[in-house]
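This report covers one residue and its surroundings, then the fold and surface of the whole chain.

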Amino acid sequence: MPKNIHPSVFKVNSEHRVKALGQRPKLIWFTGLSGSGKSTLANATEDALYGMGYHTYLLDGDNVRTGLNKDLTFSDKDRVENIRRIGEVANLMLDAGLIVISAFISPFISDRELIRNLVGKDNFLEIYLDCPLEICEERDVKGLYKKARQGLIKDLTGIGSPYEPPLAPFEVVHTAEEKMEDAVARLVEKINKKIKI
């Protein structure tokens, strides 16, 4: 910790917030290639949990990059910083007692491990959207793969930069094969066991 930094100890702490909100805060981390369905599935999962009465917040890659992380590029170095900042924000939200849902490519195992260690391994529910690159390219909802193939984007994950799949995720969703409503139902059932008091 830097010199002259003295964190305050507050009367209201995370245990109070857990009791007040009636839920166990967790970070639900959706990871996968661009076009694998992270934002869609994260949004549907949050909607289902919110409908069950949980207090949630969704952090999404493009949304975060329009504000908090708008100064970052897509270089490997800036991708690491992007994920680090998101992890710090998510950790504050967990302290507030929220169920935090995130949707980020987060291509590197080491970065996701950094987040897991930051928030605590029991609080980190990693969900891998396993979708073949060719299917993601067919979808190409943002036109990124086309630009990468044309040489207009250098560091696109899956083309010019690697994606490292999770070694032991909380859950795997095969988004090229599984219907979204089935995946959401399965995820919510499993997540509910972790967040319900």
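## Contacts of Ser102

In this predicted model, Ser102 is in contact with Leu27, Ile28, Trp29, Phe30, Leu58 and Leu59, leaving aside its neighbours within four places in sequence. Ser102 belongs to strand E3, which covers residues 99–103.

The relative accessible area of Ser102 is 0%. Because buried means under 20%, Ser102 counts as buried.

## Fold and dimensions

Eight helices and five strands make up the secondary structure of the protein. Read from the N terminus, the order of elements is α-β-α-β-α-α-β-α-β-α-α-β-α. The radius of gyration is 17 Å, close to the 16 Å that the globule rule gives for 197 residues, so the protein is as compact as a globular protein of that length.

The C-alpha trace spans about 55 × 45 × 30 Å along its principal axes. Of the contacts between residues at least 6 apart in sequence, 75% join residues at least 24 apart.

## Burial, surface and charge

Of the 197 residues in the protein, 41% are buried; Ser102 is one of the buried residues. The protein exposes about 11,100 Å², and 54% of that area is supplied by carbon and sulfur atoms.

The protein has 28 positive and 28 negative charges. The mean position of the positive charges and that of the negative charges are 5 Å apart.

Conventions
Residues are numbered from 1 along each chain as its sequence is written. This is a predicted model: local features need pLDDT of at least 70, side-chain atom pairs count only at pLDDT 80 or more; totals for chains, interfaces and linings use all residues. Side-chain values use heavy atoms; hydrogens and water are left out. Helices (H or I, at least four residues) and strands (E, at least two) are DSSP runs, numbered from the N terminus. Buried means under 20% relative accessible area, exposed over 50%, partly exposed in between (1.4 Å probe, protein chains only). Contact means heavy atoms within 4.5 Å. The radius of gyration is taken over C-alpha atoms; the globule rule is 2.2 Å times the number of residues to the power 0.38. Accessible areas come from the Shrake-Rupley method with a 1.4 Å probe; for residues, only the protein chains shown count as cover. Lys and Arg count as positive and Asp and Glu as negative; His and the chain ends are not counted. The place of a charge is taken as NZ of Lys, CZ of Arg, CG of Asp or CD of Glu.
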